[in-house]
Amino acid sequence: MIDVDALAQIVRRAARPSGVWTEHVDRTEYPRSFHALRLRSRTDQYDLLCGQHLPWIGFCHATPDYMGFDVDTVFRDPPPWANLLVGPGYRVLSHAELRTPSAEVDTSELTSAARGEVKYWRPSCLAEFLFNWWD
């Protein structure tokens with residue numbers, strides 16, 4: 001399980017020198033599979049998403065809702081300061097990585113129940129695999 005409070009502290013330390021602050025922390029709630037941190041600067045606003053169980057991070061213009069999302073328009077490349085999250089053990093995903101087709105995602109380490117969810121919901125890409133509302 002990801003400790004969202006620890007993640008928020010790491011993000012604050014990494015982003016603050018770039019003039020970015022955390023405006024809101026939205027903890028995962030069933031059935032959403034990810035935490036969302038709303039980040040803001042004087043000129044921009046965007047969200048950081050982190051899976052509930054995996055330390056993988058994606059950045060988006062705004063947190064998608066349960067109705068689904070278009071990966072091409074919702075997600076964005078990480079800001080320059082995001083490389084500071086790698087040291088504490090997070091994997092920061094680029095827009096291109098989030099668009100990776102599901103057929104190319106290695107699911108061998110998933111439990112059989114998790115593989116069943118993937119088979120049932122049929123995500124089209126890594127972003128849908130990581131950031132979803134499956135029940």
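Helix H1, formed by residues 4-15, has twelve residues and reaches 16 Å from its first C-alpha to its last, which is close to the 16 Å expected at 1.5 Å a residue. The structure described here is a predicted model.

The buried residues of H1 are Val-4, Leu-7, Ala-8, Ile-10, Val-11, Ala-14 and Ala-15. Because these residues cover an arc of only 165 degrees around the axis, they lie on the same side of H1.

Across the whole structure, a search finds eight aromatic pairs. In one of them, the rings of Phe-34 and Phe-131 have centres 5.6 Å apart and planes at 85 degrees, so this pair is edge-to-face, the class that applies to planes over 60 degrees apart. The pair links distant parts of the chain, since Phe-34 belongs to strand E2 (residues 34-40) while Phe-131 lies in the segment after helix H5 (126-130), 97 residues apart.

Both partners are shielded by the protein: Phe-34 is buried, with a relative accessible area of 0%, and Phe-131 is buried, with a relative accessible area of 1%. Ring pairs also join Phe-34 and Phe-131 with Phe-69, Phe-75 and Trp-133 into a cluster.

## The tryptophan pair

Trp-121 and Trp-134 form an aromatic pair that is stacked, with 6.4 Å from centre to centre and 0 degrees between the planes. This pair, too, links distant parts of the chain: Trp-121 is in helix H4 (residues 112-121), whereas Trp-134 is in the segment after H5, 13 residues apart.

The accessibility of the two partners falls into separate classes. Trp-121, at 35% relative accessibility, counts as partly exposed, while Trp-134, at 18% relative accessibility, counts as buried because its value is under the 20% cut-off.

## Arginines over aromatic rings

Two arginines are placed over ring faces. Arg-32 lies over the face of Phe-34, at 5.0 Å from the ring centre, and Phe-34 is also the ring that pairs edge-to-face with Phe-131. Arg-91 lies over the face of Trp-56, at 4.7 Å from the ring centre.

Methods. Residues numbered from 1 in each chain as written. Predicted model: local features only at pLDDT ≥ 70, side-chain atom pairs only at ≥ 80, totals over all residues. Heavy atoms only, no water. Phe/Tyr/Trp six-rings, centres within 6.5 Å; stacked < 30°, edge-to-face > 60°. Helix = DSSP H or I, 4+ residues; strand = E, 2+ residues; numbered from the N terminus. Buried < 20%, exposed > 50% of the residue type's maximum accessible area, 1.4 Å probe, protein only. Lys NZ or Arg CZ within 6 Å of the ring centre and 35° of its normal. Expected span 1.5 Å × (residues − 1). Arc of directions from axis to C-beta.
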